[in-house]
Amino acid sequence: MILNKEQITSHNQNNFDKHDQSFDFLANNLTNKGHDVENILKKVGDFKVAIPSWALGAGGTRFGRFSFHGEPGTLEQKIEDVGLIHALTKSAGAISLHIPWDVPEDAEKIKALTKSLDLKFDAMNSNTFQDQPDQKHSYKFGSLCSTDDKAREQAIQHNIDVIRLGEKLGSKSLTVWLADGSSFPGQNNFQTVLKNTQDSLQEIYKTLPEDWKLFIEYKPYEPNFYSTVIQDWGTSFMLANECGPKAFTLVDLGHHLPNTNIEQIVATLMMKGKLGGFHFNDSKYGDDDLTVGSIKPYSLFLIFNELVYGMENNPQNPYPAWMIDASHNIKDPLEDLMQSLEAIRSSYAKALLVDQKALREAQKNHDVTLCQEILQEAYLTDVRPLLERARVSDGGALNPLDTYRHLEVRKKLVDERGKHTMATGL
């Protein structure tokens with residue numbers, strides 16, 4: 001299913017008067033405070049977030065998975081679903097593939113489809129945390145860290161194969177997330193598995209094209225519950241340095257112990273020029289992969305405050321790659337992703353409203369109360385009219401979720417695909 005611009009524009013007409021009133025009020029208010037509204041609109045409009053192929057179907061837990069009707073059953077349908085999201089929100093813009101589930105039969109045909117929907121390919125994602133049906137060597141006791149030479153070599157080659165596929169599609173980066181670790185004391189020698197992982201990543205790094213990046217993800221626990229080889233940002237940072245200048249740390253919001261100060265991690269990595277990318281989600285207890293901004297919206301804003309500062313003041317750090325990594329256990333996946341995109345752009349827009357000059361001055365004067373007030377003023381601003389104007393200016397919907405429901409997109413997807421299709425790559 002593909003939405004045309006006329007369908008979206010037609011539904012927008014019913015809400016323009018209300019939007020214009022809200023936008024004019026906000027724009028005048030921001031202008032009076034010294035903000036360049038047009039510049040903010042441009043930055044918000046340019047901010048695009050990749051959608052991973054595995055997020056287009058219903059998620060699940062260790063105990064079960066409940067499919068959502070009309071899930072995309074092929075790579076083409078996954079790309080079309082991202083196209084639907086992007087047509088409505090104008091903030092997606094890319095799809096991130098998960099291999100081996102998303103290997104195209106015809107790379108050129110897939111590239112043409114993606115281009116026709118105004119999309120591109122974001123980072124390629126390898127998978128060495130599951131055994132595949134035709135796999136010779138098991139990852140039960142590790143992949144890149146494994147003490148089994150054959151399993152380790154197999155995992156290295158898989159990542160190289162993913163890079164080669166990504167070259168055909170026009171991707172420019174590889175994301176490596178490892179489930180490698182142990183569930184019981186004494187199961188692994190910590191130094192051995194870390195050294196094996198480092199050596200393996202270096203072998204993969206050697207095969208990177210000149211214009212590619214390697215993103216190294218980290219996670220404190222799960223699926224192993226005693227140790228994870230790459231358990232925190234410091235280990236990822238160390239491994240990225242050992243690999244070279246094209247290797248970076250990737251931050252997933254859910255991959256932290258409760259109440260970790262993620263904004264400080266972001267600031268440190270950007271200062272060191274090693275923040276490569278971001279996976280957005282939200283959590284209450286652990287790696288819950290909930291809708292972005294649904295649990296800790298103020299934390300998300302504080303993270304974006306550091307990201308905005310870093311993008312302005314840390315030229316040594318490349319522009320980060322942005323992606324949503326959420327699991328939609330009981331919600332329509334496309335609706336959930338649209339809610340996440342709205343929360344991300346909202347936090348970004350609010351961070352752009354922080355008076356950084358006044359904040360620096362307040363910090364210099366140790367005026368802690370004023371520092372908080374400056375942040376709160378930006379956070380409490382209702383920026384929804386800004387997001388609406390940015391979308392409409394780009395040809396999107398004033399209210400993507402409302403338009404999605406009005407056009408009965410899910411019903412039409414079910415009519416096309418059936419009720420019992422199931423997305424792969426989860």
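Tutor: A helix here is a DSSP run of H or I, at least four residues long, and helices are numbered from the N terminus. The model is predicted. On that basis, R345 sits in helix α11, which spans residues 333–352.

Start with burial. Buried means under 20% relative accessible area. R345 has 4%, so it counts as buried.

Now the neighbours. Setting aside residues up to four places away in sequence, R345 touches V44, G45, F47, K48, T89, K90, S91, L387, A390 and R391. Take that list in parts. One part holds V44, G45, F47 and K48. Another holds T89, K90 and S91.

Chain separation is a separate matter. R345 and Q363 are 18 residues apart along the chain. Their C-alpha atoms are separated by 27 Å.

Helix α14 covers residues 384–393. P385 lies in that helix too. At 7% relative accessibility, P385 counts as buried. Leaving aside neighbours within four places in sequence, P385 is in contact with H19, S22, F23 and L26. Its C-alpha atom is separated by 37 Å from that of R65, 320 residues away along the chain.

D289 lies in the loop between β12 (275–280) and α10. With a relative accessible area of 14%, D289 is buried.

Helix α10 runs over 297–313. Beyond that helix comes another loop, between α10 and β13 (321–324), and N314 lies in this loop. N314 is buried, with a relative accessible area of 12%. Its contacts, apart from neighbours within four places in sequence, are M270, M271 and Y309.

One more loop deserves a stop. P223 lies between β9 (213–217) and β10 (227–228). The peptide bond from E222 to P223 is cis, with omega near 15 degrees.

Strand β9 also holds K213. K213 is partly exposed, at 28% relative accessible area. Not counting residues up to four places away in sequence, K213 touches K172, S173, L174, L208, K246, F248 and P318. K213 and A267 are 54 residues apart in sequence, and 20 Å apart in space, C-alpha to C-alpha.

Cysteines come next. A disulfide is a covalent bond between the sulfur atoms of two cysteines. The count for this model is 0 disulfides. Take C243. The closest cysteine sulfur is in C145, at 15 Å, which is too far for a bond. Burial is a separate point: C243 counts as buried at 11% relative accessibility. C371 counts as buried as well, at 15%.

Now step back to the whole chain. It has 16 helices and 13 strands. Buried residues make up 55% of its 426 residues.

Among contacts between residues at least 6 apart in sequence, 80% join residues at least 24 apart.

The overall dimensions agree with a globule. A compact globule of 426 residues would have a radius of gyration near 22 Å, and the chain has 22 Å. The C-alpha atoms fill a box of roughly 65 × 60 × 40 Å along the principal axes.

Last, surface and charge. The accessible surface comes to about 19,700 Å², and 51% of that belongs to carbon and sulfur atoms. The chain carries 45 positive and 58 negative charges. Their mean positions are 1 Å apart.

Key
Residues numbered from 1 in each chain as written. Predicted model: local features only at pLDDT ≥ 70, side-chain atom pairs only at ≥ 80, totals over all residues. Heavy atoms only, no water. Helix = DSSP H or I, 4+ residues; strand = E, 2+ residues; numbered from the N terminus. Buried < 20%, exposed > 50% of the residue type's maximum accessible area, 1.4 Å probe, protein only. Contact = heavy atoms within 4.5 Å. Rg over C-alpha atoms; globule rule 2.2 N^0.38 Å. Areas by Shrake-Rupley, 256 points an atom, 1.4 Å probe, with all protein chains shown as cover. Lys, Arg positive; Asp, Glu negative; His and termini not counted. Charge placed at Lys NZ, Arg CZ, Asp CG, Glu CD. Disulfide = S-S within 2.5 Å.
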